[in-house]
Number of protein chains: 4
Amino acid sequence: MVFQGRNEMKTTDEKIFEALDGFAIEIPSWGFANTGTRFGKFVQAEAATSIEEKFADAAQVHALTGASPTLALHVLWDLPHGVSDAPLIQALQQKYGVRAGSINPNLFQDQKYKHGSICNPSAEVRQMAIQHLVDSVEIARRLDSRDVSLWIADGSNYPGTQSIPRRIDYLMEAMAATHAKLGPEQRMLIEYKPFEPAFYHTDIADWGMALLLARHAGAKAFVLVDTGHHYQAQNIEQIVAWLLREDALGGFHFNDRRYADDDLTIGSIDPYQVFRIFHELLSHPYGLKQTAFMIDQSHNLKGKLEAMVQSVCGAQELFAKAALIDQERLAELQKDARLVEAEECLRSAFWFDVRPVVRAWRRSRGLREDPLEELRTNGYLEKVRAERRERNSGSVSSYA
Amino acid sequence: MVFQGRNEMKTTDEKIFEALDGFAIEIPSWGFANTGTRFGKFVQAEAATSIEEKFADAAQVHALTGASPTLALHVLWDLPHGVSDAPLIQALQQKYGVRAGSINPNLFQDQKYKHGSICNPSAEVRQMAIQHLVDSVEIARRLDSRDVSLWIADGSNYPGTQSIPRRIDYLMEAMAATHAKLGPEQRMLIEYKPFEPAFYHTDIADWGMALLLARHAGAKAFVLVDTGHHYQAQNIEQIVAWLLREDALGGFHFNDRRYADDDLTIGSIDPYQVFRIFHELLSHPYGLKQTAFMIDQSHNLKGKLEAMVQSVCGAQELFAKAALIDQERLAELQKDARLVEAEECLRSAFWFDVRPVVRAWRRSRGLREDPLEELRTNGYLEKVRAERRERNSGSVSSYA
Amino acid sequence: MVFQGRNEMKTTDEKIFEALDGFAIEIPSWGFANTGTRFGKFVQAEAATSIEEKFADAAQVHALTGASPTLALHVLWDLPHGVSDAPLIQALQQKYGVRAGSINPNLFQDQKYKHGSICNPSAEVRQMAIQHLVDSVEIARRLDSRDVSLWIADGSNYPGTQSIPRRIDYLMEAMAATHAKLGPEQRMLIEYKPFEPAFYHTDIADWGMALLLARHAGAKAFVLVDTGHHYQAQNIEQIVAWLLREDALGGFHFNDRRYADDDLTIGSIDPYQVFRIFHELLSHPYGLKQTAFMIDQSHNLKGKLEAMVQSVCGAQELFAKAALIDQERLAELQKDARLVEAEECLRSAFWFDVRPVVRAWRRSRGLREDPLEELRTNGYLEKVRAERRERNSGSVSSYA
Amino acid sequence: MVFQGRNEMKTTDEKIFEALDGFAIEIPSWGFANTGTRFGKFVQAEAATSIEEKFADAAQVHALTGASPTLALHVLWDLPHGVSDAPLIQALQQKYGVRAGSINPNLFQDQKYKHGSICNPSAEVRQMAIQHLVDSVEIARRLDSRDVSLWIADGSNYPGTQSIPRRIDYLMEAMAATHAKLGPEQRMLIEYKPFEPAFYHTDIADWGMALLLARHAGAKAFVLVDTGHHYQAQNIEQIVAWLLREDALGGFHFNDRRYADDDLTIGSIDPYQVFRIFHELLSHPYGLKQTAFMIDQSHNLKGKLEAMVQSVCGAQELFAKAALIDQERLAELQKDARLVEAEECLRSAFWFDVRPVVRAWRRSRGLREDPLEELRTNGYLEKVRAERRERNSGSVSSYA
């Protein structure tokens, strides 16, 4: 079957192959560790604890999918000694054939951050937090990792307990101080989130705030869109279009959600939304160029590796669908306000079943057709479960 | 009883009197007309039809409250002949002692705007819309009205039917063209709204988009916050704080809502939120200076005049409460993260019953103590009902 | 390609053919009329005004899709003289080969319903409203139409203005009185909606309230699920499962939405949700038996007929996808908590491109392959536009 | 000042005194323990660990407020050995003068509950969960505690991974089995929650589901309303009115929230809502009779005891305000649809500053005027911090 744009000679298969050849998505080291909700964690025998285990798991995912060559690192958990752990990471990169991806500082776990990190009313705590950001920049530099990814969990729980405007000043200062340390090839990505873990206000609540901070910090600062960090019913693809126009989109943390920041598998609740986001990127002249694709999910129940492979494959399929949109014809129908035809032009790509072609692409690239099936049968899971089970059997903390 | 800040010598009464002396809120001409939902209108005998009736009603509200000296005008409904209607408005200002307030263009009613006004894919329609904006600027100039208030109802109903990025370009062009016509004392206020009447995307969906448009347009463009134009659970006072910091807050359309843009009486669903918004304004060095307060409500069931008087009085009371916050002490408690004390410091002003002092202020300023009671008994309602009843008894349109 | 359940011998094609043969969805007469938002209507030349035009349009949709044999009627608009209009409807049924579907009373348009219809504090108004319901039952009886569909738009706009518990009593009384008039083959379907047109409270806000009313009224009362009448993020398929278990599901009003009750084309925003709803119905032993499928949409911008044909075809495709779910295998995977496999089992049916098979089914049933293309070219639209254009060119009402 | 109903001779002071004399609210043992979000806990020196510490803290709150005579217990944390711990609790009751309140089973912490407790696809796990419920009933019986409070955290994270209808059957079975064990004076309260910790579906998502379960279980089963367990914008007081009408309201878990189940201090975000809930209870003939008031909050940042005292005092004040509503006059105004007057009748009680009268009540009942101030100065906090600090200084678990 040929799914063909009017002015393009490429076949559907060619379009999908081309799309998949150019598609990569970063996976997070913490996606292989035990995580949960405030009510507890359900531990998994195969969960990774050490950074080496995480590299090993990432390598397995990449071997199966061919699409996850980098591993996002979390400074506190993966480089507990900070910059001095960089050589260890370099060795692991070498050993496992997976590169270090974005570097993620941690500004929420220390007890000192009870009332905020870079927004804390205490100058001493703010300085400590800024230093951690600066250290993270240095780590990224050492690892040749382009992006430092900033999620600032600061906020307040009750009206009146903190000064919102004063904390904006603190934000501006910290972002500028961090930006000043970036090397010529480095970037900082500023994430926003309207709720959790602070309940009344989160200091960087939406893309507008993140963009103002990025602008204030400097030309190497960009906005990071986590798809789960939005109000219900918010049109994310529209935000993407605005950020692209402002040359301010740095990347994505992909995940899905029904109510809050549920950190579910990409496209598992609303696959059509992911497709529309990819559409905005693909219809922009250089939408893909500077945009980092990252997965940020918390698989509390699904098997850690199984879910990660599923996520990467799911992202590939939705991206392949979006690559089938006949952009030229769509633009014409939009111009003439031929609404139903324009809508069907878009949806026709969504409804096309790309799975057989994706399987064909995998074969042609020396991969197994069905990465999930391969993972279930190739022995890797049994091996790591046997190795890690004992370490994962310890008691877990209680809610109260 | 003395409600006193530590370093301030003013009594509670003095603070409230001072706050009320400085408080004014604009009321909208369309607030006196019959309005409804898509399912129909419940017509009121006293509803105003002509612009003179609206001026008369506004004068009545101002006479009762002492706080609504200006009337927002809607170009299409109040100046149907555009600029040439300006002398008529000037005469009415003179006659009724109420000044023309913000000028509100209409870019949603004409059948040509089916697929958008300034974002329409047709260049001809976009030009027509821009011309209407330019005319509105001229009307404002003639009437010595500072603000042109832009609500752009454009958007699309289905994914793919319109190009979001192309429409951003159109927005930028129209805003710049309008700004170019502003006189030295004029401002344009850009409103945002995340839903309705377009369903899938509204072209100016949030404050971030409005701010980017204002920045692009020029120094006389500001953002207008309509309190009903937000996602559920969005922290509006935080947006206010950011806009204040960016010198970009132009004013408010006040109303309240439970679910969508319900256009209910200010503070009728969540009075604490209004208090917190006033708090952000009052704690900012010049938060009140450039900020226009306007009511934009649709009283489908309540009596038109009764609801307007209630709204102005309710706004006065909430503003008076906010003026009682001991800002200095609050700042200290926030600095020390004394959370419960800071919260109680804020709430203590909210819980103080300002009504007796507000009544005393009214007496001292030559007003009746109870404007609602006065309205019910002074004969104005009977008079206008008698005059207007017949005109308001015509058939109303059906949903389908 | 064969998409096959383990224990079932049917091919994918057979499953889809069987599903489509059994699938019908009712379309609403008001879906062919001009409708809009509170800010206005964009009139369409082809919009139907008379009940005959609506029957003609419905017949056209059914001729093209083979799946919409009945037309929902709105008493006020389609039978303005009530019961005495029944013979006219019978004649139209005969003439156009489309049967009268559910009968929809109107309890929101009359000026007397300002403070409610069956919940009005005035006993006289309540009686008038009940009489309208009783008349609607009689109309349905005369037309051999099984279902009377009750949407009660009652509610209040402000806390305290109406007594919620007293109005529950009124609801109970009215539902019982209506139920008492139902013939042995008749049913009443009770719709719920949490917002609009009342803003603070709607008297039948959710499925729990509708179910209690149905239980109280009697065995012929069922709940009607309008997919747009839910809170954001509400899991509709779960409600469907509960209503099925309680033998209380009467039918659906299908439409889609992003924020509020946007009345968009089914599956246009979240097609996966519709698929999941169909899945719950198909996995229930007699989920389809008593469940009426109806479209209730308001196409403010899309062409009236075009959108209706698109809706019916879209519903067919999503239903066909759901029919491919391997229920037996899914149940096993769920039992063993093989989460990713169970999820992929479900999604595999969603991702299967049913369109070629649906086209084949159409050919085999004597229909055109592409109903939308056929509508655009068969001359019907030109004909009715020419006939109706003038009537639709009249002035439309203004918001204020 | 006299705030007086037309037919009632009571003064405002008398009404408030009477209201406060009849007001009690249960506090939860886990409210004194360290709790947090999935991202971590900020530990407090004064946090209670043992059940004796929790009784001591509860006694302190009750001594200060005079309004919290009972302590809700959590079986897993407070009676880790189940029924055999009952004598210990009895001794603590005696020693501290605070009675055991509702008994709360735990069905979410055990690793076996990964895929659900009473809804688990494994019959063995379901049986284990039911046994825990039955044990909890026995504990309640031994402690003469009327209510067993059931929060079922079961659900699923992805469409298709669990069978919703099969799990409804399991729910029905478990509720019936638990009900069968209740003594003549015992009750079971069934809580609902639409999100968290399961993300795609929670098995008891709303009040309708809880009510059906209660009805199925038997006459001693009631619904528990946790104010934080609702969709955004949901009208909780309306649900209260329906549950009262159905004689199905068992009690409340009070807390407040902005976005999700934030478990904030009652009335801290939307105090007007709490007032309206109390209004529905007070306007019902026996609304207060069977309704248990409980606090269920998680003070992650506020001092544990400080926040609990603040919560009880805040609840007292809002209840006192609601007691001032002139129900008779309100009913008349509602009957006549005098909307603004009815609304102002309701709000007038909300705006009345009850704090001076509440202080007077405290004095007259032998309590300190300002419980929060008393707590800050009476030495209790210093004492328990000194005793407990070391135990609370251990390491806390990490998110990943």
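The model is predicted: local features need pLDDT of at least 70, side-chain atom pairs count only at pLDDT 80 or more, and totals for chains, interfaces and linings use all residues. Residues are numbered from 1 along each chain as its sequence is written, and chains are lettered from A and ligands numbered from 1 in the order in which they are written.

Chain A contains 15 helices and twelve strands. These elements are DSSP runs numbered from the N terminus (helices: H or I, at least four residues; strands: E, at least two). The radius of gyration of chain A is 21 Å, close to the 21 Å that the globule rule gives for 400 residues, so chain A is as compact as a globular protein of that length. The radius is taken over C-alpha atoms, and the rule is 2.2 Å times the number of residues to the power 0.38. Along its principal axes, the C-alpha trace of chain A spans about 65 × 55 × 40 Å. Of the 400 residues in chain A, 60% are buried. A buried residue has 20 or more other C-beta atoms within 10 Å of its own, with C-beta atoms placed from the backbone. Among contacts in chain A between residues at least 6 apart in sequence, 77% join residues at least 24 apart. A contact requires C-beta atoms, placed from the backbone, within 7 Å.

Chains A and B meet through 42 residues of chain A and 43 residues of chain B. On the chain A side, α6 (164-179), α7 (207-217), α8 (236-245), α9 (271-282), α11 (327-335) and α12 (339-351) each supply at least two residues. That side divides into 22 nonpolar, 13 polar and seven charged residues. Here Ala, Val, Leu, Ile, Met, Phe, Trp, Tyr, Cys and Pro count as nonpolar, Asp, Glu, Lys and Arg as charged, and the others, Gly among them, as polar. Of the interface residues of chain A, 100% are also interface residues in chain B, so the copies meet through the same surface.

The contact between chains D and C takes 42 residues from chain D and 43 residues from chain C.

The largest nonpolar core has 488 residues. Such a core joins buried Ala, Val, Leu, Ile, Met, Phe, Trp, Tyr and Cys residues through C-beta atoms within 7 Å. A:Ile190, B:Ile190, C:Ile190 and D:Ile190 have the most contacts inside it. Not counting residues up to four places away in sequence, A:Ile190 touches residues including A:Leu150, A:Met175 and A:Ile204.

Technical notes:
Two residues are in contact if their C-beta atoms, placed from the backbone, lie within 7 Å. A residue is buried if 20 or more other C-beta atoms lie within 10 Å of its own, exposed if 12 or fewer, and partly exposed in between; C-beta atoms are placed from the backbone.
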